[in-house]
Amino acid sequence: MRLINKLNELRSAPAISMHVPGHKNMTVGNLDRLNWMDDMTEITGLDDLHSPEGVLLELNEFLSGKYPGYMAQAVVNGTTTGILSAIYALKDKVDQFVVIDDAHKSVYHGLDLTGASFQKKSSEEILTMELKNKALILTYPTYSGDGIKDLAHIIEKSRAGGAAVIVDEAHGAHNDIAPGFLPSAMNYGADIVVQSYHKMLPALTGASAVFTNDRQLHRTMMKYIDYFETSSPSYLILASIELAHQFYNDFVHTEFYDRRLEIMDYLQSLDFTVIESDDPAKIIINREGMSPYQLIDILDEAHIYSEMVTDEGVLWCLPLFHVGHGYPLSSLFERLDKLSYDGTDPALVRGEDLSFLIGKEAVRTVVPYPPGVPIIHAGEHFTHDIVKTIIHKRYYHVKMEGIEDNIECYKVEDDT
């Protein structure tokens, strides 16, 4: 029972969450209203998720109320299902897709599966492009909570120019929840928006929703959601979407901003630096005299678990604090007080020699996870800079999907 034992170990520590999902180890929101006996199937009275006519149709209508003019579909397979379905829904309606800035691997998986033509552009370049018969794919906000400066202009220009707009809003289900939070792309008329309710809202992992503003497009989306989503949906996840959406509707921001300020002040009193992002629920922390990679190891040892580490710092996803929350704030402060900063910085460990990869064609896409943004795609060639980046991430113990396949493929060749 290795997995059960590990989960029990983390729970008994207890682990303090500064990562997704948004319920923060069941200390935020109302998931205590769920019951394990609610793990049912599509029996009489519980409707059909792929062709909802009853209680699940009512759930979708409840979600649709988030942004007037949009139709919603609850999804239990995460935002990846929505992204794949969106690309398939538009592949025969456009000549080319345009991926703007960094994108999650699911975007490239969808493009690969469809064989669709695409190009990569920056958000600045889009404003000067001819966009007719294209579909734009934007990621907003980014994993670390950054917005897009000209989002409204990009969407308005795209639609006026005959382009469709898909927005991966996985990290923005809480957009518009209160003053000071980022606005959703649905405020500006994006055609398809996919949100992960579980990332920042208190819902179970896998809880997502797809929003479309055209009935025919919605029907096409439903066709492909039927293809990609499980035919045995979890009613626990569906119920958690409903609870999270009610939480969103009822949210009062005073407690959140008070506790957010308290956390940032406390960190700064302990000589941490705090970088705020466009999303007030995301902060990046550092401490002078050590790399972010050493810092995250120290936090892990204290059972304070962060969302991600990069060269810029350690990313924390703050709880959406509310009156009556159960988040262990005092325990967080106690553990921060007791942190020990002794030990060897991983940066001092010599990196391995992967020079044999330079010039070789990637046999599998390499994806640091998180955040899930590829650094090289299958079929592209490893450059000196890409290999340098991979070595850098490996000796910092950043998890990378696909790299071992490439190393094994060419290491054997290099050794012979």
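**Entry 1: Tyr197**

I started with Tyr197 and looked up its contacts (heavy atoms within 4.5 Å). Leaving out residues up to four places away in sequence, Tyr197 touches Leu63, Lys66, Ala173, Ala203, Ala207, Ser208, Ala209, Phe211, Ile241, Ala244 and His245.

I noted the ground rules next. The model is predicted, so local features need pLDDT of at least 70 and side-chain atom pairs count only at pLDDT 80 or more, while totals for chains, interfaces and linings use all residues. Residues are numbered from 1 along each chain as its sequence is written, and side-chain values use heavy atoms, with hydrogens and water left out.

**Entry 2: the cores**

I looked up the nonpolar cores. A nonpolar core is a set of buried Ala, Val, Leu, Ile, Met, Phe, Trp, Tyr and Cys residues joined through side-chain atoms within 4.5 Å. Buried means under 20% relative accessible area, exposed over 50%, and partly exposed in between, with a 1.4 Å probe and protein chains only.

The largest nonpolar core has 90 residues. Tyr197, Ile285, Trp316 and Leu336 touch the most other members. Helix 9 (residues 235-250) gives this core the most, nine residues. Helices (H or I, at least four residues) and strands (E, at least two) are DSSP runs, numbered from the N terminus. Domain 1 (2-19 + 252-338) and domain 2 (39-250) each supply at least three residues to this core. Another core lies apart from it, with 27 residues, among them Ile83, Ala89, Val107 and Met222.

**Entry 3: the domains**

I checked the domain assignment, whose bounds come from an automatic or database source. Besides domains 1 and 2, it gives domain 3 (355-412). The centres of domain 1 and domain 3 are 30 Å apart, taken over C-alpha atoms. Five residues of domain 1 are in contact with five of domain 3.

**Entry 4: Val165**

Is Val165 buried or exposed? I found 0% relative accessibility, so Val165 counts as buried. Val165 sits in strand 6 (residues 164-168). Ala190 is 25 residues from Val165 in sequence, yet their C-alpha atoms are 5.3 Å apart. Leaving aside neighbours within four places in sequence, Val165 is in contact with Leu136, Leu138, Ile155, Ser158, Arg159, Ala190, Asp191 and Ile192.
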